[in-house]
Amino acid sequence: MKSSALLSFVRQWTLPIAMLAGVVSYFLYVSIPPLAPYKSQTLTLISIVQPLLLFCMLFVSFCKVDPTRLRPRRWHLIHLCIQGVSFVLLALLLYAVHSSALRISIEGLMICMICPTATASAVITQKLGGDIEGLVTYTLLINLLAALLIPAIVPMVHPQPGHDFINSFWLIMGRVFPMLICPFFAAIMVRYAFPHLHARVIATRNLAFYMWAISLGLAIAVSTKSAMHAEGSLLPILGLAIGSLLSCVFQFWAGRRIGEHYGCRISSSQALGQKATVFAIWASYTFLDPLSSLAGGFYSIWHNLWNTYQLRQMRR
């Protein structure tokens, strides 16, 4: 009876447990002196394991997607306008701001607004009963928009040598699209070429969700490392925390209101609110002030707390 109660507790609080495990594992690792010489190898291992987990997770999720339903929806255009226009307006705001602390906060907010939908959002959307095909279609569209807008806008407000439009575009495309396209086509191939294997994959209920929980723990551990090694005053860090929270609240709220109008509240809300925070952290490091990457780490906390609440409400 005790073991079943423990298992039930773990299932209900999977996301907070994964987040807490990520934070605790980082502090445990750095507190063990014999592991210090292996920090670079550990980061390399995480950089290999995370994409593999994401690939497997997306493959399982995409196996449950009906390819004939992958088409643009009307709400997609509204979401693209919200993310694209807000990104451009925040970039214009940088021209009028000279305070370094405020500029870092705005840069973090820019990335939070243009950041593509998380690949893991398909897992949460499916568990919540949303339109997974509509969400997957939007994920592809917003990744393309981010790949176009970031190289076009960022060099004008934060110029760096070697980051022209063409190089930045292919840098982003090479990072995000293989992780979306490869598992998608693998799932399509299995659907039509190996129907028995496909049937076994879609029979799994929570496999993708638990793979995502492991990936989330690793992401939180890396975000904790970034936060602990951040150099700068408390003011810009506080600004990034507040800005990312406001961005998260606004995007989930806006997505929910738009989705209510089009009869797809869950998928619309997740598409706009749940972000690929690993991409946000990488893009900030690569194209903006490295300290602004903390916005992606904070956003990861906020949107996963909201997802935990949603899953909790659904179970009730």
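# Briefing: helix packing, aromatic pairs and buried sites

Setting aside neighbours within four places in sequence, A283 touches I111 and L288. The model is predicted. A283 sits in helix α13, which covers residues 277–287.

- L171 is 112 residues from A283 in sequence, while the C-alpha atoms of A283 and L171 are 10.0 Å apart in space.

**T137 in α7**

- Helix α7 spans residues 132–157 and contains T137.
- T137 has a relative accessible area of 9% and is therefore buried, by the cut-off of under 20%.
- With neighbours within four places in sequence left out, the contacts of T137 are L70, R71, P72, R73 and H76.

**Contact of α3 with α9**

- Two packed helices are described by the angle between their axes and the distance between the axes.
- For helix α3 (residues 39–63) and helix α9 (residues 195–203), the axes come within 8 Å and the crossing angle is roughly 105°.
- The two helices α3 and α9 are therefore roughly perpendicular, a class that takes in angles of 65 to 115 degrees.
- On the α3 side the contact involves F59, V60 and C63, and on the α9 side H198, V201 and I202.
- Sorted by class, the residues in the contact of α3 with α9 are 5 nonpolar and 1 polar, with no charged residues.

**Helix α14**

- Helix α14 runs over residues 294–315, a total of 22 residues.
- From first C-alpha to last, α14 reaches 32 Å, close to the 32 Å expected at 1.5 Å a residue.
- Buried residues in α14 include L294, A295, G296 and G297.
- Also buried in α14 are Y299, S300, H303, N304, N307, T308, Q310 and L311.

**Aromatic rings**

- The structure has 10 aromatic pairs.
- One of the pairs is W282 with F287: the ring centres are 5.7 Å apart and the planes stand at 85°, so the pair is edge-to-face, the class for planes over 60 degrees apart.
- W282 and F287 are both buried.
- F62, F184 and F185 form a cluster linked by ring pairs.

Definitions and conventions: Residues numbered from 1 in each chain as written. Predicted model: local features only at pLDDT ≥ 70, side-chain atom pairs only at ≥ 80, totals over all residues. Heavy atoms only, no water. Axes fitted to C-alpha atoms, helices over the stretch in contact; angles between N-to-C directions. Helix = DSSP H or I, 4+ residues; strand = E, 2+ residues; numbered from the N terminus. Parallel < 35°, antiparallel > 145°, perpendicular 65-115°, else oblique. Contact = heavy atoms within 4.5 Å. Nonpolar A, V, L, I, M, F, W, Y, C, P; charged D, E, K, R; others polar. Expected span 1.5 Å × (residues − 1). Buried < 20%, exposed > 50% of the residue type's maximum accessible area, 1.4 Å probe, protein only. Phe/Tyr/Trp six-rings, centres within 6.5 Å; stacked < 30°, edge-to-face > 60°.
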